[in-house]
Amino acid sequence: MNLRRRLCATALLAAAGAARSADWLAAPALPAVPLKDADGNTWTLPQALEGTRVVVVSFFFTGCQTVCPPQTALLREARQQLHVRGRSHGLRWLALSVDPLGDGPAQLRDYARRFDLPLARPGQRGADGEWLLLTGERAATQRALAAFGVPPGAPGEHPSLLWLADTARGRWTRSSSLNPPEALASLVASLQDA
């Protein structure tokens, strides 16, 4: 499917997804594989969710010139709306790179600066709306991505989907990553209120 059709299909899914309530999915089996953040610190997916009440998981790569930049901008705006409403406590934005060969800590750091993303640090209690960008060795990254149904392949072919979780209740759902910020903020707020 060419990029233009993929973007149109994603936009239609976004509109449909924003209009209906969350469909709950089984929690993904999160492997405890080592992944690196923008500062080179090692995390596992279970560690990344510690202290969070709600998590939004996205997929990206720093060299992307098509979907990832607008996706990140939309997510950043949704985060800002939640922050202004005082809804960022216990919320984490987790972005997994789909390009382990091209994305290391330095590339993640540059991407975070480019989009003005507040980064999570190890040892922080609670998430409070920080972003955690993760990459890793190829095998570890593929296992992490597989937990969310992201197949191995060219980075530009990754799905434009988000996984969202109410971690306290073990409830997960998916949504388009290109939803309008207001719709995404409302979905996150509904998870917080559940």
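**Entry 1: strand 5**

I began with strand 5 and found both faces covered: Trp-131 and Leu-133 on one side, and Leu-132 and Leu-134 on the other, are all buried. I take buried as under 20% relative accessible area, exposed as over 50% and partly exposed as in between, with a 1.4 Å probe and protein chains only. Strands are DSSP runs of E of at least two residues, and helices are runs of H or I of at least four, numbered from the N terminus.

I note that the model is predicted: local features need pLDDT of at least 70, side-chain atom pairs count only at pLDDT 80 or more, and totals for chains, interfaces and linings use all residues. Residues are numbered from 1 along each chain as its sequence is written, and side-chain values use heavy atoms, without hydrogens and water.

I traced an open sheet of 5 strands in the order 5-4-3-6-7, with mixed pairing. Strand 5 (131-134) and strand 7 (171-176) stand at the edges with a single partner strand each, so one side of each is left without a neighbour in the sheet. The twist averages 20 degrees from one strand to the next; angles run from 0 to 180 degrees between N-to-C directions, along axes fitted to C-alpha atoms, for helices over the stretch in contact.

I then looked up the partner of strand 5. Strand 4 (residues 91-97) runs parallel to strand 5 and is joined to it by 4 bridges; two strands pair if DSSP finds at least two bridges between them. Ala-95 has Leu-133 as its bridge partner, and Leu-96 has Leu-134.

**Entry 2: helices on the sheet**

Helix 3 (residues 68-84) packs on the sheet and touches strand 3 (54-60), strand 4, strand 5 and strand 6 (161-166). Its direction makes about 165 degrees with that of strand 3. Contact here means heavy atoms within 4.5 Å. I found helix 4 (residues 105-114) lying across strand 3 and strand 5, at about 145 degrees to strand 5.

**Entry 3: cysteines**

I searched for disulfides, defined as pairs of cysteine sulfur atoms within 2.5 Å, and the structure holds 0. Cys-64 is in none; the nearest cysteine sulfur, that of Cys-68, is 3.2 Å away, which is too far for a bond. Cys-64 counts as buried at 5% relative accessibility, and Cys-68 is buried at 0%.

**Entry 4: confidence**

I checked pLDDT, the predictor's confidence in each residue from 0 to 100. The chain averages 85, and 86% of the residues score at least 70. Over residues 1-21 pLDDT stays under 50, and the model has 20 contacts beyond four places in sequence for them.
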